[in-house]
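I opened the model to look up a few points about its fold and its ligand. My notes follow.

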Amino acid sequence: MTTRQTRKVFGLIGRNVDYSWSPLIHNTAFEALGMPCVYTVFNIASPELVGDALRGARALGIQGFNVTIPYKKAVVPFLDELSPEAEAIGAVNTIVNENGRLTGHNTDIAGFAAPLMPWADRIRGRRACIFGNGGAALAAVEAFRTFFRPSSVLLFVRDLHKAEEMLDGYEHRELVVPGRTGDLDLPLGGQQLQECSVIVNATPIGTSGRTDTLRSIVPAGRELFHPGQVVYDMVYNPLETPLLFDARAAGADTVSGIEMLIAQAARSFFIWTGKEMPVETVRNVLMREIGQPAPSVRG
Ligand code: NAP
């Protein structure tokens, strides 16, 4: 590819996303496949500007976007169509522009599910547990419902009102049982956690550079985790968070957030290009980069 060749443009919509890994992921894939495309970041300062940004994208022919915090819901009113997954949770992380028609997808759901597939039989019909009440937590709830059919999903949050806000309008509300992280110190809370087949962290706790760890809300973590459980941390920097360290030490199976990061990106890439992302090439580049000292805030 010569530097004079024009390129199709893709990008990430978010706020303060300069340190996102997404450009590295997608540009590595474009380069590996010899595609004349480039992926960049678009920082949008405030929600009022989201509509202008998407109108501009239509006019300029920007081919596709990822969307991250805090705009996954804010983009919805400006799109022409939603995929069933995006519709189910009212949030979009991928937009494709086909001749000015913008369709919103959500690849966090299938991206979350992909690395859990080896344990699908273990999860079906038993309880699952998620920490958090943000967009990532709702994507995980919907992934459990669609792909794994647990008996229920315990949602541990610090504020029950926020859990209700998250679930407001969600059609499958009955699957979710909210609980307070504060109650995890109590014998019943600990027992509930122990009985779960899979435990998911959908909060930023444990991210490199933060001082709080999941041990601050699950102090007895190492005693509660056990072989036969899967512990999944959506945080991917560091690759092994304190939560995953404790879980592994207790004999549980572990899943790093990097698996979801790659899986959701691969699905976005396919939606935009119709091509499979060269996942192993991307993984090697990403592991090398995340292994390096890096700015602590990445989206
Ligand atoms: P979000 O909407 O900002 O939600 C963050 C959640 O974390 C909220 O429920 C928040 O609770 C909770 N939280 C934050 N600090 C906490 C603390 N000290 N104690 C207890 N709860 C705390 O973010 P999100 O989009 O859902 O993403 C959550 C995490 O998942 C982020 O770290 C994100 O990077 C990661 N993620 C990873 C992937 C991947 O591909 N691996 C994909 C999506 C997201 P309050 O509402 O009470 O503040």
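How many bridges join strand β7 to strand β8? I was working on a predicted model, and I found five, between residues 127–131 of β7 and residues 152–157 of β8, with the two strands running parallel. As an example I noted alanine 128, whose bridge partner in β8 is valine 153.

Next I looked up the whole sheet. It is open and has six strands with parallel pairing, in the order β9-β8-β7-β10-β11-β12. The edges are β9 (176–180) and β12 (253–256); each has a single partner strand, so one side of each is left without a neighbour in the sheet. From one strand to the next the twist averages 20 degrees.

Then I checked two helices. Helix α8 (residues 187–195) lies across β7, β8 and β10 (198–201), at about 115 degrees to β7. Helix α11 (residues 257–273) packs on the sheet, where it touches β11 (230–233) and β12, and its direction makes about 50 degrees with that of β12.

Last, the ligand. I listed 19 residues around it, of which Asn133, Ala136, Arg158, Met234 and Gly257 come nearest. By class, this shell has nine nonpolar, six polar and four charged residues. Helix α11 gives the largest share, three residues, and α6 (135–148) also supplies at least two.

Backbone N or O atoms of glycine 135 and leucine 261 each lie 3.2 Å from an oxygen atom of the ligand. Taken alone the ligand exposes 930 Å², and the protein buries 79% of that.

Technical notes: Residues numbered from 1 in each chain as written. Predicted model: local features only at pLDDT ≥ 70, side-chain atom pairs only at ≥ 80, totals over all residues. Heavy atoms only, no water. Pairing = 2+ DSSP bridges. Helix = DSSP H or I, 4+ residues; strand = E, 2+ residues; numbered from the N terminus. Axes fitted to C-alpha atoms, helices over the stretch in contact; angles between N-to-C directions. Contact = heavy atoms within 4.5 Å. Near = heavy atom within 4 Å. Polar contact = N/O pair within 3.5 Å; in protein donor to acceptor, adjacent residues only side chain to side chain. Areas by Shrake-Rupley, 256 points an atom, 1.4 Å probe, with all protein chains shown as cover. Nonpolar A, V, L, I, M, F, W, Y, C, P; charged D, E, K, R; others polar.
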